[in-house]
Amino acid sequence: MPGPGTLGSVSREGVTPQSEDFSAWYNELVIQAELVDRGPVRGTMVIRPYGYRMWELLQADLDGRIKEAGHGNACFPMFIPESYFKREAEHVEGFSPELAVVTVAGGKELEEPLVVRPTSETVIGEYMAKWIESHRDLPLLLNQWANVVRWELRPRMFLRTTEFLWQEGHTAHADEEDAMRETMWALGAYAGLARELAAIPVVEGEKTPSERFAGAVRTYTIEGMMRDGRALQSGTSHYLGTNFAKVFDITYQDEDGKLVHAHTTSWGLSTRMLGGVIMTHGDDKGLVLPPRIAPYQVVIVPIGRDDAAERTAAAARDLAGELKRAGVRVHVDDRPQLRPGYKFNEWELRGVPVRLEIGPRDLDGGVVTLARRLGDQGKEQIPLDRAAELMPGILDDFQAFLYTRAERFRDEHTADVESWDAFPEQVSQGWARVFHCGRTDCEDAIKADTAATPRVIPTDAPEEHGVCFRCGEPSAYGKRILYGRSY
């Protein structure tokens with residue numbers, strides 16, 4: 001991450017207000033806050049240190065959950081024979097528009113084209129078939145941290161880029177029950193990460209058949225609401241049944257000596273989650289970062305001139321040392337060439353949860369001035385000698401505040417809709433809870449008219465029955481589902 005004297009200059013003009021143009025706000029902010037830069041190839045991105053540190057914090061937490069559940073990290077090739085994809089018809093059909101294919105290498109045309117990894121079900125399936133022989137080899141629990149390539153026609157940093165970072169879990173099981181247990185474990189891990197680190201109150205549940213992953217029997221998702229009312233699919237978990245096992249001959253000998261196809265799963269979460277953090281919490285001043293994934297949880301700004309400047313800078317460094325020992329990620333901004341007001345604006349734009357100001361009067365009074373990135377408390381003074389002791393609790397409170405704020409926003413922008421007439425207005429500002437017939441042609445008509453799609457069949461929604469809000473046919477899911485526009 002940038003240290004003292006290495007931070008870029010941030011535009012004093014700020015970013016376009018969300019209410020004016022949410023898309024412009026987002027596109028400007030990710031650049032100005034030094035999260036990313038545009039890559040040399042259309043649709044690619046360079047993740048800068050400040051943005052990559054956010055990813056590392058998410059990654060470390062999720063990697064711990066994955067390992068604790070018994071999965072082993074592996075690394076598979078990014079070049080996959082095209083023939084692997086053609087074995088599973090639905091899979092190749094679903095991914096064909098997004099594939100990047102290598103046909104020439106080493107100055108010669110290849111005998112078989114190579115697909116640059118868009119996802120790894122095919123190549124991992126090939127090796128599962130080699131490694132699994134007996135029921136004693138199951139379950140096989142693999143995970144991979146990797147970059148993937150999907151040729152994106154309408155790129156947006158973090159949300160949809162041609163190349164992005166993710167983890168992809170791939171597992172094989174003896175039967176559907178065990179595979180479904182794995183599928184739901186992964187969904188729960190993603191929901192926990194979103195809620196506990198990203199402070200995003202996601203809704204868990206199943207996708208409708210038309211929204212399933214190509215080749216899956218069932219697809220589950222976590223959906224978050226952004227501050228423009230749109231949905232963001234933030235992580236998915238798929239039960240693949242025996243579809244890939246049959247294609248790649250992933251079989252095992254059961255206890256009776258019979259050869260049986262394994263049941264497989266796959267699940268993934270990507271750098272798209274960082275886009276979710278930005279759009280769930282950010283405001284017209286810039287980023288608002290949950291403390292648990294903020295590169296700097298606290299920035300200390302010493303204030304003073306001449307002799308006072310060295311005195312306050314020394315106190316800031318001492319305090320930073322105490323905060324680090326208390327487990328707080330802290331940065332001292334003692335750049336002499338910039339005024340305090342400029343620094344305040346810069347760290348607000350970059351979303352730092354807590355700013356501490358130390359001036360000569362603060363030192364004389366034995367206090368430090370604290371400003372939170374959000375909230376109506378304004379500035380307050382806390383004892384300097386207790387700042388390190390108090391800070392973990394202050395950060396936890398801010399984390400909880402962001403979650404509650406986002407949850408309230410989501411709930412205020414979600415409503416039951418009974419009729420087609422009321423639907424367009426609701427999905428223009430948030431989500432609609434509706435009864436739906438489950439027919440693909442009805443979904444397609446709704447999307448064509450409103451750009452809204454079925455986001456999730458919520459796991460925790462109560463059992464209800466009714467008629468489809470659009471066509472009047474009986475509802476198909478035994479509960480209301482969430483519809484909305486999405487990224």
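**Exercise 1. Charges over rings and aromatic pairs**

The charged end of R470 sits over the ring of W420, 5.7 Å from its centre. Before going on, a word on ground rules: this is a predicted model, where local features need pLDDT of at least 70 and side-chain atom pairs count only at pLDDT 80 or more, while totals for chains, interfaces and linings use all residues. Residues are numbered from 1 along each chain as its sequence is written, and side-chain values use heavy atoms, with hydrogens and water left out.

Task: find which ring lies under the charged end of R230, and describe how the rings of F76 and W131 pair.

Solution.
- Step 1. A charge sits over a ring if NZ of Lys or CZ of Arg is within 6 Å of the ring centre and within 35 degrees of the ring normal. For R230, the ring is that of Y487, with the charged end 5.7 Å from the centre.
- Step 2. Now the rings themselves: those of Phe, Tyr and Trp (its six-membered ring) pair if their centres lie within 6.5 Å, and planes under 30 degrees apart count as stacked, over 60 as edge-to-face and the rest as tilted. The structure holds 17 aromatic pairs.
- Step 3. F76 and W131 have 6.0 Å from centre to centre and 40° between the planes, a tilted pair. F76 lies in the loop between β3 (72-73) and β4 (79-81) and W131 in helix α5 (residues 121-131), so the pair ties together parts 55 residues apart in sequence. Helices (H or I, at least four residues) and strands (E, at least two) are DSSP runs, numbered from the N terminus.
- Step 4. For accessibility, buried means under 20% relative accessible area, exposed over 50%, and partly exposed in between (1.4 Å probe, protein chains only). F76 is buried at 7%, whereas W131 is partly exposed at 43%.
- Step 5. Ring centres 5.9 Å apart and planes at 75° make Y296 and W347 an edge-to-face pair. Y296 is in the loop between α8 and β15 (298-302) and W347 in helix α10 (residues 340-349), 51 residues apart. Both Y296 and W347 are buried.
- Step 6. Return to W420: this residue forms one aromatic cluster with F423, F469 and Y483.

**Exercise 2. Two packed helices**

Task: work out at what angle α2 and α6 pack, and which residues make the contact.

Solution.
- Step 1. Two packed helices are described by the angle between their axes and the distance between the axes.
- Step 2. Axes are lines fitted to C-alpha atoms, for helices over the stretch in contact, and angles run from 0 to 180 degrees between N-to-C directions. For α2 (residues 49-68) and α6 (residues 176-196), the angle is about 150° and the axes are 11 Å apart.
- Step 3. Contact means heavy atoms within 4.5 Å. From α2 come L58, D61, L62, R65 and I66, and from α6 come W185, A189, Y190, G192, L193 and E196.

**Exercise 3. Enclosed helices and a buried threonine**

Task: explain why α10 counts as largely enclosed, and decide whether T271 is buried or exposed.

Solution.
- Step 1. Seven of the 10 residues of α10 are buried, so the rest of the structure largely encloses this helix. Among them are Y342, F344 and W347.
- Step 2. The buried residues of α10 pack against α1 (22-32), β15, β16 (330-332) and β17 (354-358).
- Step 3. For α8, 10 of the 10 residues are buried, so this helix too is largely enclosed.
- Step 4. T271 lies in the loop between β14 (263-270) and α8 (272-281). With a relative accessible area of 0%, T271 is buried. Beyond its neighbours within four places in sequence, T271 contacts M45, I47, W55, F158, F164 and L165.

**Exercise 4. Backbone exceptions**

Task: find which peptide bond is cis, and where D306 is found.

Solution.
- Step 1. Most residues other than glycine have a negative phi, and most peptide bonds are trans.
- Step 2. The bond from L138 to P139 is cis, with omega near -5°. P139 is in the loop between α5 and β7 (140-149).
- Step 3. D306, not a glycine, has a positive phi of about 55°. D306 is found in helix α9 (residues 306-325), and is exposed at 70% relative accessibility.
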